Amino acid sequence: MFKKIIICFLAGLLFFVWLIPPPSAAASSSSNQLIIINKSNNQLAFYENNTHMRTFSVATGRSANLTPEGNFRIVNKIINRPYYKGNIPGGHPSNPLGNRWLGINANGTNGNTYAIHGNNNSSSIGTYASAGCVRMHNNEVKWLYDKVKVNTPVVIVSSSKSFNSIAKANGYSLDGKSSSVPVTSAVTLRRGSRGTSVKQLQEQLTKLGYNTRGVDGIFGPGTESAVKKFQKDKKLAVDGVVGPQTRTAVYNSKTTGTKSSTAKKNSGSTSASQVQQATIRQGSRGAAVTELQKSLRQKGYKITSVDGIFGPETNNAVRKFQRDKKLSVDGIVGPQTWKALK
């Protein structure tokens, strides 16, 4: 009997020790680092010693309330964390958590619920796709993991302000080199990206005469097509991805000749017909979603709030409308669904 009690005690002690994060993940602390995540454009900025080190494109919650906003901290660091819900081991190619986990104490949790982590679907980066965590490309989260220390502050917001302004509004003084680093300098834009950087790109392409089929901050097929046409004209690699070379060419180009007159026809971000050409689906946000919600509500479909966020309610309304109109019921608002809504 006594032997059984000793065995149970030792088993309980081992379980308790297993729960304590390893020294490498919990011993260090940071007072000279800062992470800011802006859900409005799905970007993450990392600061060290008051210097803006890098900006990354990320994915956040598929609806606005899933990724908490506020001031939090990194409370644990895990390499190759298993995906317990799906019984997928850490490091496996199909693990949706990728290869690195930076746990955040959001909503009073202990770093095992919310995190900045990798992913197994790189096309989701830049979109609203997660259940609440912040996703990064695996190679980029690995870089961040190696730099960031436990106790690093994490500010999560939805804002139209620059990272430096967000930091100052939350009590962080950033002097040094950070003041001269553009917010979008390190961001590569591609199909699926969203936010102010995409809107600025669309505005510039439209001025140059390349029709993006809407200036709504959503990098959809129209924007990708415009980028490819621009790249072809400028003898750049035609891949539809706006990296450093394409970005420099876009913003250094001037409106001339026929392109300029075409731009006048295509400009004007408030045009309903332009906005409606964007292909949108659950997770999309912006002016096109607002127009969709208005149209659906006018036609008697349940839209509680016209907020420009394509959430589950809007998705249900779209599917009901498509079913009523004998369209393909996929919840995606493309050319056919827009035409039926007119």
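Please keep in mind that the model is predicted. The protein has twelve helices and ten strands. Of its 342 residues, 45% are buried. The accessible surface is about 17,400 Å², and carbon and sulfur atoms hold 52% of that. On contacts, take those with a separation of 6 or more: 56% of them are between residues 24 or more positions apart.

Now the cores. In soluble globular proteins, nonpolar side chains tend to be buried together. Here the largest nonpolar core contains 21 residues. Inside that core, the residues with the most contacts are I35, I37, L44, I74, I116, M136 and L144. Which elements give two or more residues to this core? They are the strands β1 (33-38), β2 (43-48), β5 (70-79), β6 (100-104), β7 (114-117) and β10 (153-157), together with the helix α3 (138-147). The most comes from α3, which supplies three residues.

I35 shows how these pieces meet. Setting aside neighbours within four places in sequence, I35 is in contact with L44, A45, F46, I74, I116, L144, V148, T152, P153, V154 and V155. Apart from this core lies another one, of 15 residues, including I218, I280, L292 and Y301.

Next, the salt bridges. How many does a search of the whole structure find? The search gives two.

One joins K39 and E69, with the closest N and O atoms 3.1 Å apart. K39 is in the loop between β1 and β2, while E69 is in the loop between β4 (60-61) and β5, so this pair ties together parts that are 30 residues apart in sequence. Are the two partners buried or exposed? K39 is buried, at a relative accessible area of 2%. E69 is partly exposed, at 44%.

The other salt bridge is between the side chains of R191 and E224, with an N to O distance of 3.1 Å. This pair also links distant parts of the chain: R191 sits in the loop between α4 (163-169) and α5 (196-207), and E224 sits in helix α6 (residues 221-233), 33 residues apart. R191 is partly exposed, with a relative accessible area of 46%. E224 has a relative accessibility of 17%, and it counts as buried because the limit is under 20%.

How values were computed:
Residues are numbered from 1 along each chain as its sequence is written. This is a predicted model: local features need pLDDT of at least 70, side-chain atom pairs count only at pLDDT 80 or more; totals for chains, interfaces and linings use all residues. Side-chain values use heavy atoms; hydrogens and water are left out. Helices (H or I, at least four residues) and strands (E, at least two) are DSSP runs, numbered from the N terminus. Buried means under 20% relative accessible area, exposed over 50%, partly exposed in between (1.4 Å probe, protein chains only). Contact means heavy atoms within 4.5 Å. Accessible areas come from the Shrake-Rupley method with a 1.4 Å probe; for residues, only the protein chains shown count as cover. A nonpolar core is a set of buried Ala, Val, Leu, Ile, Met, Phe, Trp, Tyr and Cys residues joined through side-chain atoms within 4.5 Å. A salt bridge is a side-chain nitrogen of Lys or Arg within 4 Å of a carboxyl oxygen of Asp or Glu.
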